[in-house]
Amino acid sequence: MKSYKIAVIEGDGIGHEVVPEGIRVLEAAGRRFDISFSWQHFDWSCQRYLKTGSMMPEDGLEQLRPFDAIYLGAIGYPGVADHVSLWGLLIPIRRGFRQYVNLRPAVLLEGIKTPLANRKPGEIDFCIVRENNEGEYSEVGGRMYKNTEMEMVIQENIFTRQGCNRVMTYAFELARKRKNHVTSATKSNGIVFTMPYWDERFADISRKYPQVKTDQYHIDIMSALLVTQPQRFDVIVASNLFGDILSDLGAAVVGSMGLAPAANLNPEREYPSCFEPVHGSAPDIAGKGIANPVAQIWSGAMMLDHLGEKEAAQTVEQTIFKVIASGDPRTPDIGGNANTREMGEAIASEISALAAKTR
Ligand code: NAD
Ligand code: IPM
Ligand code: MN
């Protein structure tokens with residue numbers, strides 16, 4: 001039996017509601033495929049910050065380092081400024097562990113109503129490869145002449161050759177396993193240094209993949225195209241901020257924030273990778289037990305895939321698709337009135353039923 005040590009950070013808000021459903025489903029898959037998990041929970045969160053003054057202990061990353069993977073809900077909650085909570089926990093994990101790829105599939109599932117008219121499953125199936133360590137999210141900058149008429153703030157963007165090359169290479173390798181098509185999100189008409197550099201790197205890396213079709217769009221029209229012609233996209237490679245924005249747009253066109261999984265990957269496997277949905281802590285619905293756990297469960301399938309448990313990963317994914325297609329149960333965000341737990345239990349028991357059949 002294979003066994004994995006997983007660090008669990010539920011975090012804040014609906015993280016406490018969706019992570020247990022993810023674990024429920026992964027446990028069911030574990031029984032089916034002879035995988036055991038040892039889950040170690042860390043209470044790192046805004047609540048911890050309010051009690052102790054920090055989101056995680058000073059040696060937090062050292063504590064996480066020995067784990068095979070990190071399974072995370074969401075970070076951030078009213079009461080702690082978002083830049084304090086996120087830069088105190090999630091962003092240090094992504095950076096410290098060189099999780100430079102944030103992989104975010106957007107797939108329109110059978111049984112889900114997209115807000116886009118006349119789009120059918122199969123027509124929306126793209127994957128965002130978001131640069132996750134640099135770009136617009138930088139710590140370079142500062143404020144001067146605070147609280148005076150001369151007050152000024154600077155935030156620098158950082159684009160490195162290595163940083164662009166590695167994320168773009170990942171995108172091309174991924175495209176080879178999909179539809180051989182990579183689209184780059186740019187804004188080199190308005191941002192005169194970093195974005196022409198991004199384009200230059202993209203052209204350079206694309207030369208190594210002559211079999212992969214490429215195109216690029218400025219982020220403004222690309223946002224429109226994702227709404228009007230989403231079928232044009234296969235793999236999208238984007239800088240940190242552009243990839244962030246496109247991910248929520250991706251979730252919207254496939255029907256709900258609650259259906260968008262993600263993986264923060266260190267492809268070289270020098271460090272643990274971190275699996276968490278695209279969505280946040282959803283304070284507006286937190287505590288009500290109605291969050292859709294599918295994005296969290298699906299992120300768990302991405303974790304299985306990264307751990308090398310391909311069959312288990314596929315089974316979890318396929319079971320999610322089957323339960324969603326059946327139309328019952330479904331949470332309010334996708335038009336039903338089931339609760340978080342009913343959704344998680346339906347997927348888990350479907351997997352357990354499979355296990356019984358094959359024994
Ligand atoms: P959000 O994703 O938390 O919520 C946006 C909207 O989507 C809300 O109406 C919410 O109810 C809905 N939603 C999100 N997940 C859902 C689910 N699983 N099921 C049903 N509905 C769902 O975004 P926000 O409101 O901008 O952010 C709230 C907090 O979360 C902030 O502190 C933000 O910084 C943080 N955040 C964290 C992460 C992360 O940890 N990766 C990601 C995004 C936002
Ligand atoms: C995400 C979130 C984070 C990001 C925030 C909370 C810092 O929006 O994971 O998409 O921008 O990376
Ligand atoms: Mn985001």
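A polar side-chain atom of Arg130 lies 2.8 Å from an oxygen atom of ligand 2 in this predicted model, a polar contact here being a pair of N or O atoms within 3.5 Å (within protein, one must be able to donate a hydrogen and the other to accept it, and residues adjacent in sequence count only if both atoms are side-chain atoms). Arg94 also takes part, with a polar side-chain atom 2.6 Å from an oxygen atom of ligand 2, and an N or O atom in the side chain of Asp244 is 2.8 Å from an oxygen atom of ligand 2. Taken alone, ligand 2 exposes 320 Å², of which the protein buries 76%; accessible areas come from the Shrake-Rupley method with a 1.4 Å probe, and for residues only the protein chains shown count as cover.

The shell around ligand 2 consists of Leu86, Arg94, Arg104, Arg130, Tyr137 and Asp244, where a residue is near a molecule if one of its heavy atoms lies within 4 Å of it. By class, this shell has two nonpolar, no polar and four charged residues (Ala, Val, Leu, Ile, Met, Phe, Trp, Tyr, Cys and Pro count as nonpolar, Asp, Glu, Lys and Arg as charged, and the others, Gly among them, as polar).

Ligand 1 has 22 residues around it, and Asp82, Glu276, Gly280, Ala282 and Asp284 come nearest. An N or O atom in the side chain of Asp82 is 2.6 Å from an oxygen atom of ligand 1, while a polar backbone atom of Asn292 is 2.9 Å from a nitrogen atom of ligand 1. Of the 810 Å² that ligand 1 exposes when taken alone, the protein buries 73%. Its shell has twelve nonpolar, six polar and four charged residues.

Turning to the backbone, most residues other than glycine have a negative phi, and most peptide bonds are trans. Tyr145 has a positive phi, near 50 degrees, and Arg269 has a positive phi of about 60 degrees. Tyr145 is partly exposed, with a relative accessible area of 42%, whereas Arg269 is exposed at 51% (buried means under 20% relative accessible area, exposed over 50%, partly exposed in between, with a 1.4 Å probe and protein chains only). The peptide bond from Asp328 to Pro329 is cis, with omega near 0 degrees.

Residues are numbered from 1 along each chain as its sequence is written, and chains are lettered from A and ligands numbered from 1 in the order in which they are written. In this predicted model, local features need pLDDT of at least 70, side-chain atom pairs count only at pLDDT 80 or more, and totals for chains, interfaces and linings use all residues, while side-chain values use heavy atoms, with hydrogens and water left out.
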